[in-house]
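Trainee: Hi, could you walk me through this one? I have the picture open and would like to go slowly.

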Amino acid sequence: MSAIFEIIWEILRGVATQTPFWVWPLLVGLVVLGLRARTTRQSPVWPYYAIPFLSLMPVGAVSRMTQPMTAWAGFVIGFAVCVVWAYAYQGNRIVQKDAQRITVQGEWVTMITVMTVFWANFVQGVLQSVAPAVLHSAPFLGLFATILGACAGCFVGRSLRIVTWPTLQANIPV
């Protein structure tokens, strides 16, 4: 039993010492972002117009995969399913929107999405170092691209719902 713990310890030590320093502050920032999203909050509307561009980030990774048909099929399926789901989900989270600001209820989807993107990329980096053959297998590529597509779709669907949500009109007497 102690041999298993030694192996696990060596793997964890290798990950901790071989990971670039900037990854850990990024992880902390993403956790803080996810925790803030758990509470009802008011924010400007304009960032939601830029958030769909986050969905472009995995496109480069998917286009470089060794089995492009498998990768793109997974990405498109994950993207399409999650755009539809996130669009519907976000409609239940909007409290109020005016021309400049939006109030949304707290939720866990932001934390889950940013952590999934972070850890998927982290795992890809680790596998590149310890098991590069896995990165070229069709099952891994399909699953990895589907996960990336789902996260991208989540960003797009939620933002689309927010920017298309009707704004309240100011009640100004004539």
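Trainee: Let's begin with H6; which of its residues are buried?
Mentor: The buried residues of H6 are Val-109, Thr-110, Met-111, Thr-113, Val-114, Met-115, Phe-118, Ala-120, Phe-122 and Leu-127, where buried means under 20% relative accessible area with a 1.4 Å probe and protein chains only. Helices (H or I, at least four residues) and strands (E, at least two) are DSSP runs numbered from the N terminus. Please keep in mind that this is a predicted model, in which local features need pLDDT of at least 70 and side-chain atom pairs count only at pLDDT 80 or more, while totals for chains, interfaces and linings use all residues. Residues are numbered from 1 along each chain as its sequence is written, and side-chain values use heavy atoms, with hydrogens and water left out.

Trainee: OK, and what covers those buried residues of H6?
Mentor: The cover includes helices H1 (2-18), H2 (23-36), H5 (68-91) and H7 (138-164), together with strand S1 (41-44).

Trainee: How do H6 and H7 sit relative to each other, parallel or antiparallel?
Mentor: Their axes, which are lines fitted to C-alpha atoms over the stretch in contact, come within 10 Å and cross at roughly 150 degrees, with angles running from 0 to 180 degrees between N-to-C directions. H6 and H7 are therefore roughly antiparallel, a label used for angles over 145 degrees.

Trainee: Switching topic, how many residues are in the largest nonpolar core?
Mentor: The largest nonpolar core has 13 residues, such a core being a set of buried Ala, Val, Leu, Ile, Met, Phe, Trp, Tyr and Cys residues joined through side-chain atoms within 4.5 Å. H5, H6 and H7 each supply at least two residues of this core, and the largest share, six residues, comes from H7.

Trainee: And what does Val-62 touch?
Mentor: Leaving aside neighbours within four places in sequence, Val-62 is in contact with Ala-71, Trp-72, Phe-75, Ala-145 and Leu-148. A second, separate core of nine residues includes Val-23, Leu-27, Leu-30 and Val-114.

Trainee: Last one: how many residues of H1 are buried?
Mentor: The count is zero among its 17 residues, and H1 is hardly covered.

Terms used:
Buried < 20%, exposed > 50% of the residue type's maximum accessible area, 1.4 Å probe, protein only. Contact = heavy atoms within 4.5 Å. Parallel < 35°, antiparallel > 145°, perpendicular 65-115°, else oblique.
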